Amino acid sequence: MTRTAALLAAVAMMPSIPAASAEEAAPKPWSDAAEVSIVTTSGNAENTNLSIGNKFVYKWGEATDLTIDAGALRTETTSFLYDVDPDDTSRAVVVGKTRTVTSERFYADGKYRRTIRDGFLWYVGAGWERNEFAGIDRRFYGSGGLGYRIFKDERHSLAFELGATYTDETYTDADPKGRSQADYAGARGFLGYERKLSKTSRFSSQIEVLESLDNTSDLRANWLSSVTASLTSRLALKVSYNVLYDAEPAFRKVPVPVSSNPAGSASYELDEIDTILSVSLVVNF
């Protein structure tokens, strides 16, 4: 047997690498992170606070990605009512419970981004929101524009975006002028920063500013900062703080005696700022 034949025979006898191993070694193009936070109290005070969210990201190489983000927040409070039954001769105290939803918010949005060259990118996005306690029955919005990654390395990254928006929203209650719906074009600015604190933790902060072109005094902003620490390869603990600002918030109606107001109700303007502090468990898939 020649040396060449012996070499070919040896190669043929070598065990082949299973196809599954090669597939496992290749990084997957998508990531999905679900987070949940539940706080309950019982006894003399009863409250339930539930917050859930999910973020899905799909990447086509290093230049293109699609992000879908959705979440919900709901808070229920139980009130104890103490009263005396007028038909009870013993005048016994009657205790009742009333369960009320005191906070509720739902949202879903998606964004598609593609790098043009040297950190420049373009994006399009759309979303939906419902926040009755902020006076928003429903809000649909779309946006598009350009962005730039100022820097990105192993430690941290910083990027900004500028673009145009279109919003169509319906209010829970009409304002004093009788308006219960609005649609308008606007401008959008975004700044996002991420920093790696250690091998298992990172910090993220981003702010989005939205300006109505129909009414320049109607300015909205959304600032979200968070710290995430990994517990295992799939579990992490996340602490986040969210500030929602609306320079011209919606109105809500409250019932009043007809003697003081023939309409039977009065309108009042909601607060300009809402804040949300949450501690969540994150599951990475």
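Asp118 sits in the loop between E4 and E5. Helices (H or I, at least four residues) and strands (E, at least two) are DSSP runs, numbered from the N terminus. The model is predicted, so local features need pLDDT of at least 70 and side-chain atom pairs count only at pLDDT 80 or more, while totals for chains, interfaces and linings use all residues. Residues are numbered from 1 along each chain as its sequence is written, and side-chain values use heavy atoms, with hydrogens and water left out.

- Asp118 is not a glycine, yet it has a positive phi of about 50 degrees.
- Asp118 counts as exposed because its relative accessibility is 60%. Here buried means under 20% relative accessible area, exposed means over 50%, and partly exposed lies in between (1.4 Å probe, protein chains only).
- The side chain of Asp118 meets that of Arg117 in a salt bridge, at 3.1 Å from N to O. A salt bridge is a side-chain nitrogen of Lys or Arg within 4 Å of a carboxyl oxygen of Asp or Glu.
- Arg117 and Asp118 are both exposed.

**Salt bridges**

- Side chains of opposite charge can pair when their charged atoms come close.
- The whole structure holds 16 salt bridges.
- Arg105 counts as buried because its relative accessible area is 14%. Glu129 is also buried, at 12% relative accessibility.
- Another salt bridge joins Arg139 and Glu169, whose closest N and O atoms are 2.7 Å apart. Arg139 lies in strand E6 (residues 136-152) and Glu169 in strand E7 (residues 156-171), so the pair ties together parts that are 30 residues apart in sequence.
- Arg139 is buried, with a relative accessible area of 6%. Glu169 is buried as well, with a relative accessible area of 3%.
- A network of salt bridges links Asp65, Lys111, Arg113, Glu161, Arg188 and Glu208.

**Paired strands and hairpins**

- Two strands pair if DSSP finds at least two bridges between them.
- E8 and E9 run antiparallel and are joined by 12 bridges. They form a hairpin with 2 residues between them.
- Arg188 has Leu210 in E9 as its bridge partner. Arg188 also belongs to the network of salt bridges.
- Strand E9 (residues 201-212) pairs with strand E10 (residues 219-230) in the antiparallel sense, over 11 bridges. A hairpin of 6 residues joins E9 to E10.
- Ile207 stands opposite Trp223 in E10.
- E10 and E11 also run antiparallel, with 11 bridges joining them. The hairpin that E10 and E11 form has 4 residues between the strands.
- Arg220 stands opposite Asp246 in E11.
- In a regular strand the side chains alternate between the two faces of the sheet.

**Residues apart in sequence**

- Lys199 lies in the loop between strand E8 (181-198) and E9. Lys199 counts as exposed because its relative accessible area is 81%.
- Lys199 and Ser230 are 31 residues apart along the chain, and their C-alpha atoms are separated by 8.9 Å.
- Val39 belongs to strand E1 (residues 30-41). Val39 counts as partly exposed because its relative accessible area is 48%.
- Val39 and Leu50 are 11 residues apart along the chain, with 6.6 Å between their C-alpha atoms.

**A patch of negative charge**

- On the surface, Glu248, Glu269, Asp271, Glu272 and Asp274 gather in a patch of negative charge.
- Patches are made of residues with over 30% relative accessible area and no salt bridge; like charges are joined within 9 Å, and nonpolar side chains (Val, Leu, Ile, Met, Phe, Trp, Tyr) within 5 Å.
- Lys and Arg count as positive and Asp and Glu as negative, while His and the chain ends are not counted. The place of a charge is taken as NZ of Lys, CZ of Arg, CG of Asp or CD of Glu.
- Accessible areas come from the Shrake-Rupley method with a 1.4 Å probe; for residues, only the protein chains shown count as cover.
- Glu248, one of the patch residues, is in the loop between strand E11 (235-246) and strand E12 (251-255). Glu248 counts as partly exposed because its relative accessibility is 36%.
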